Amino acid sequence: MFLFFFWFCTETCSDSLPQQDPLRFVMNLERLPNEEKLCLCRKYYLAGFALLPFLWLVNVVWFFREAFVKPAYTEQSQIKTYVKRSGMGLLFWVAVLTTWITIFQHFRAEWGAMGDYLSFTIPLGIP
Amino acid sequence: MNASDSDEDVYNERTALVPSETPAVPSYRPDDLSMPDDLPTQRAKPGLSRRGGPAAVDGSGGGGGSDQEVDADDEELTLKYGAKHVIMLFIPVTLCMAVVVATIKSVSFYTEKTDQQLIYTPFTENTASVGRRLLNSVLNTIIMISVIVVMTIFLVVLYKYRCYKFIHGWLILSSLMLLFWFSFMYLGEVFKTYNVAVDYPTVGVIIWNFGAVGMICIHWKGPLPLQQAYLILISALMALVFIKYLPEWSAWVILGAISVYDLVAVLSPKGPLRMLVETAQERNEPIFPALIYSSAMMWTVGMASPMEAQRSEHQSDEEAEQSGGGVEPERRQFPEDELEEDRGVKLGLGDFIFYSVLVGKAAATGGDWNTTLACFVAILIGLCLTLLLLAIFKKALPALPISITFGLVFYFSTDFLVQPFMDNLAAHQFYI
């Protein structure tokens with residue numbers, strides 16, 4: 001998992017541009033060239049597969065304007081794809097988590113020992 | 001729980017000194033960091049740095065009319081710039097303190113008496129006599145401060161000898177611990193307080209997401225507001241750990257001592273932080289691993305000066321100050337935008353932590369909301385004054401001393417003078 005992180009973070013998107021500083025941290029999307037935006041979007045999308053729906057959410061929110069509101073540019077269609085797929089992945093995760101949490105909360109008391117084993121915190125009082 | 005060393009490291013490096021930006025950079029250099037604002041030193045001093053604005057003014061005002069005109073414009077812009085930044089720093093500091101106070105007031109875990117102490121404060125305060133207790137707290141403070149000094153010097157040495165990988169790795173480890181372990185504990189306590197049942201898989205997913213996205217945002221690239229939010233959260237977490245594990249009187253003495261240390265280390269010529277900053281400036285590189293909170297913002301200025309485009313934002317790992325500006329290589333490409341990216345003011349995370357410790361302690365042990373609010377106001381006033389001084393002196397300044405002094409004064413006077421006064425007035429139904 002941490003090797004994955006290493007790969008993820010050390011891969012910079014700025015290989016094509018000569019003046020990029022690999023340690024540069026981007027805060028503002030406005031200042032990035034389009035190729036880098038695409039690269040960043042793609043990385044966030046791929047990294048989200050490591051059980052990281054939050055990362056997909058960040059991807060969707062951050063790149064939403066780039067993908068859907070801005071006037072068209074060459075890389076926009078690809079960014080759009082990534083944003084859409086991140087959105088779908090996010091929805092999938094939300095559904096799965098909601099289902100699981102509902103099931104757990106409802107049946108926790110009935111499961112007895114198994115319920116306790118799965119529980120991180122056990123509330124006091126009568127369920 | 002005995003906090004590990006990395007705890008202290010993180011803590012140490014929080015207070016960052018952010019030197020002010022060097023005067024107008026004559027040529028655009030993409031990798032140029034005009035501000036070395038990192039605090040690799042462990043106990044970086046809290047500092048404020050201001051970048052961008054004045055330089056921009058210097059650069060662009062030169063072509064204007066007489067010198068006097070330029071100076072007047074300069075002054076005005078400086079003050080406006082300063083005012084904007086005061087506001088921009090108020091919000092994160094307030095948020096951090098609000099999170100800490102809210103947690104203290106609701107989750108009793110952080111105010112429960114515990115016999116566990118950090119290894120940095122080995123002397124107990126459960127002694128019979130007042131004198132003994134005072135002595136123990138002073139001894140604890142001495143140990144804590146010396147640990148901080150040693151770590152700071154160690155960090156400066158590492159930085160001088162270019163052991164960047166080591167520093168980087170250290171910062172990553174600390175941020176890992178903060179983002180995963182402390183937030184796990186925090187989440188557990190919050191759930192226990194609200195008496196909800198949560199299962200391990202859900203908690204695992206939540207903590208994994210929170211931590212992984214945090215690491216990505218802080219140490220790599222991420223949206224600025226999210227990064228700022230993460231920095232605020234980890235400062236709050238760190239402050240909560242301190243509030244829990246530092247004994248009562250030691251905490252107050254440590255706060256006072258840290259402010260003095262900060263003052264000395266930043267301003268004196270042989271201070272470690274000052275040396276660090278100077279080294280970084282000589283090498284013209286970003287100060288690496290300190291955690292600095294940067295309030296970058298953009299404002300349109302009618303001058304076409306391309307100089308201040310650079311922001312050497314260097315994101316450092318948690319420990320380091322995170323500078324929030326990024327290098328703006330694209331600036332040259334969009335001269336027609338005339339957008340000037342303001343470098344923003346940087347405030348070290350150590351400052352956030354200690355401000356929050358002060359307010360949190362006031363909320364935990366002080367009488368009631370009067371004390372808490374008084375401390376909060378005092379800290380903000382101190383921050384204002386510090387930023388004003390920053391605007392005047394235009395170099396890195398310690399952010400702790402003024403605020404902490406005001407905070408301590410207000411805390412003790414409110415707790416011992418104002419509080420009983422108000423209670424008596426209320427008891428006798430006497431309104432003034």
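I take helices (H or I, at least four residues) and strands (E, at least two) as DSSP runs, numbered from the N terminus. For a helix, I set the expected span at 1.5 Å times one less than its number of residues.

A note on the ground rules: this is a predicted model, where local features need pLDDT of at least 70 and side-chain atom pairs count only at pLDDT 80 or more, while totals for chains, interfaces and linings use all residues. Residues are numbered from 1 along each chain as its sequence is written, chains are lettered from A and ligands numbered from 1 in the order in which they are written, and side-chain values use heavy atoms, with hydrogens and water left out.

**Helix lengths, chain B**

I began with helix α10 (residues 349-365) of chain B. Its 17 residues should span 24 Å at 1.5 Å a residue, and the end C-alpha atoms are 24 Å apart, so the two agree. I also checked its cover: 15 of the 17 residues of α10(B) are buried (buried is under 20% relative accessible area, exposed over 50%, partly exposed in between, with a 1.4 Å probe and protein chains only).

I repeated the length check on α4(B): its 31 residues should span 45 Å at 1.5 Å a residue, and its end C-alpha atoms are 45 Å apart, which agrees. After α4(B) comes B:Arg162, and I noted its positive phi, near 60°.

**How α4(B) packs**

Next I looked at α4(B) against helix α8 (residues 248-267) of chain B. They pack at about 40°, with axes 8 Å apart; axes are lines fitted to C-alpha atoms, for helices over the stretch in contact, and angles run from 0 to 180 degrees between N-to-C directions. That makes α4(B) oblique to α8(B) (under 35 degrees is roughly parallel, over 145 roughly antiparallel, 65 to 115 roughly perpendicular, the rest oblique). I logged the crossing of α4(B) and α8(B) as right-handed, the near helix being turned clockwise from the far one by less than a right angle.

**Rings**

How many aromatic pairs are there over all chains? My search of the whole structure found 24. Rings of Phe, Tyr and Trp (its six-membered ring) pair if their centres lie within 6.5 Å; planes under 30 degrees apart are stacked, over 60 edge-to-face, the rest tilted.

I picked out B:Tyr110 and B:Tyr186, a tilted pair at 6.2 Å centre to centre with 40° between the planes. B:Tyr110 lies in the loop between α3 (67-106) and α4 (130-160) of chain B and B:Tyr186 in helix α5 (residues 164-194), so the pair ties together parts 76 residues apart in sequence. B:Tyr110 is buried at 5% relative accessible area, whereas B:Tyr186 is partly exposed at 22%.

I then turned to B:Tyr159 and B:Tyr164, also tilted, with 5.7 Å between centres and 55° between planes. B:Tyr159 is buried at 0%, and B:Tyr164 partly exposed at 23%.

One cluster crosses chains: ring pairs link A:Tyr44, A:Trp62, A:Phe63 and B:Trp220.

**Charges over rings**

I found B:Arg133 over the face of B:Trp249, 4.5 Å from the ring centre. The charged end of B:Lys244 sits over the ring of B:Tyr245, 5.7 Å from its centre. My test wants NZ of Lys or CZ of Arg within 6 Å of the ring centre and within 35 degrees of the ring normal.

**Chain A**

Last, I read chain A as five helices and one strand, in the pattern α-α-α-α-α-β. Of its 127 residues, 44% are buried.
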